[in-house]
Amino acid sequence: MTEGRQRPYAGAPRPARTSGKRPGRLDETSAGAFDDLIEANAAFASTFALSGFDGVAHAGVAVVTCMDSRIDPLGMLGLSAGDAKIVRNPGGRVTEAALEALILGIHLLDVRRILVIPHTRCAMASNTSEELREAVAESAGMEVLGHVFQAVEDQVEALREDVARVRSHPLIPASVLVGGFLYDVDTGLLNQLI
Ligand SMILES: [Zn+2]
């Protein structure tokens, strides 16, 4: 961590900004719907140790990976909460939003190494965009208009493009190391491809 640098995201927690309005009553559809999770959260908070956390990536690591629920991005790398910035989306792609997160992570939050990690048996790579659109349309009971689901045709090629996109970004210095990996959801192993 650099001494004396201004870090808009770091430091002691500030009180949340509010609009001055009182929170309204929960509407009927959501009241009670999360009780099991809120109860689990109370147990979690009873041993919470990150109070006053400075927000930097303590291991200097950022991970871009898929939203797939089989993936534990911290656990797979032997990291814990506080160690890394995690960016997730369908397929683990370097999207504009992912790039924004990486740039902020590098310049404000001590990220020095980036892992881009798509995975085996990913729905985004085993279906075509058309198949994804049809599946959503069937579930929603309506045509999907104005939205394109970006399936991945060739995962390794897409990974090459995504890593190149990070490495060539003008706001990402060459000193930041970027690797491309494939995570095997059946063995838990990472295979570095780039
Ligand atoms: Zn996936």
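1. Which residues does Val63 touch, not counting residues up to four places away in sequence? Val63 touches Pro73, Ala84, Ile86, Val87, Leu115 and Ile117. Two residues are in contact if their C-beta atoms, placed from the backbone, lie within 7 Å.

2. Basis of the note. This is a predicted model: local features need pLDDT of at least 70, side-chain atom pairs count only at pLDDT 80 or more, and totals for chains, interfaces and linings use all residues. Residues are numbered from 1 along each chain, as its sequence is written.

3. Overall make-up. The protein has five helices and five strands. Along the sequence they follow the pattern α-β-β-α-β-α-α-α-β-β. Helices (H or I, at least four residues) and strands (E, at least two) are DSSP runs, numbered from the N terminus. Of the 194 residues, 23% count as buried. Buried means that 20 or more other C-beta atoms lie within 10 Å of the residue's own; exposed means 12 or fewer, and partly exposed lies in between, with C-beta atoms placed from the backbone. Among contacts between residues at least 6 apart in sequence, 66% join residues at least 24 apart.

4. Five strands form an open sheet in the order 2-1-3-4-5, with mixed pairing. Strand 2 and strand 5 (190-192) stand at the edges, each with a single partner strand, so one side of each has no neighbour in the sheet. On average, neighbouring strands are turned by 25 degrees against each other, direction ignored. Axes here are lines fitted to C-alpha atoms, for helices over the stretch in contact, and angles run from 0 to 180 degrees between N-to-C directions.

5. Strand pairing. Two strands pair if DSSP finds at least two bridges between them. Strand 1 pairs with strand 2 in the parallel sense over six bridges. Strand 1 also pairs in the parallel sense with strand 3, over five bridges. Here Val61 stands opposite Arg113 in strand 3. Four bridges join strand 3 to strand 4, and these two run parallel. In that pair, Ile114 stands opposite Val178 in strand 4. Strand 4 (residues 177-183) and strand 5 are antiparallel, over three bridges. Tyr183 has Leu190 of strand 5 as its bridge partner.

6. Burial of the strands. Six of the six residues of strand 1 are buried, so strand 1 is largely enclosed by the rest of the structure. Strand 3 is mostly covered, with four of its five residues buried.

7. The core. The largest nonpolar core has 32 residues. Such a core is a set of buried Ala, Val, Leu, Ile, Met, Phe, Trp, Tyr and Cys residues joined through C-beta atoms within 7 Å. Those with the most contacts inside it are Ala62, Val63, Val111, Ile114 and Val116. Strand 1, strand 2, helix 2, strand 3, helix 5 and strand 4 each supply at least two residues. Strand 1 gives the largest share, five residues. In soluble globular proteins, nonpolar side chains tend to be buried together.

8. Helix 2, geometry. Helix 2 (residues 96-108) has 13 residues and should span 18 Å at 1.5 Å a residue; its end C-alpha atoms are 18 Å apart, which agrees. The expected span is 1.5 Å times one less than the number of residues. Asp110 follows helix 2 and has a positive phi, near 70 degrees.

9. Leu132. This residue is found in helix 4 (residues 129-140). Why does Leu132 count as partly exposed? Because Leu132 has 18 C-beta neighbours inside 10 Å. Leaving aside neighbours within four places in sequence, Leu132 is in contact with Asn127, Phe149 and Ala151. Leu132 and Ala151 are 19 residues apart in sequence and 7.7 Å apart in space, C-alpha to C-alpha.
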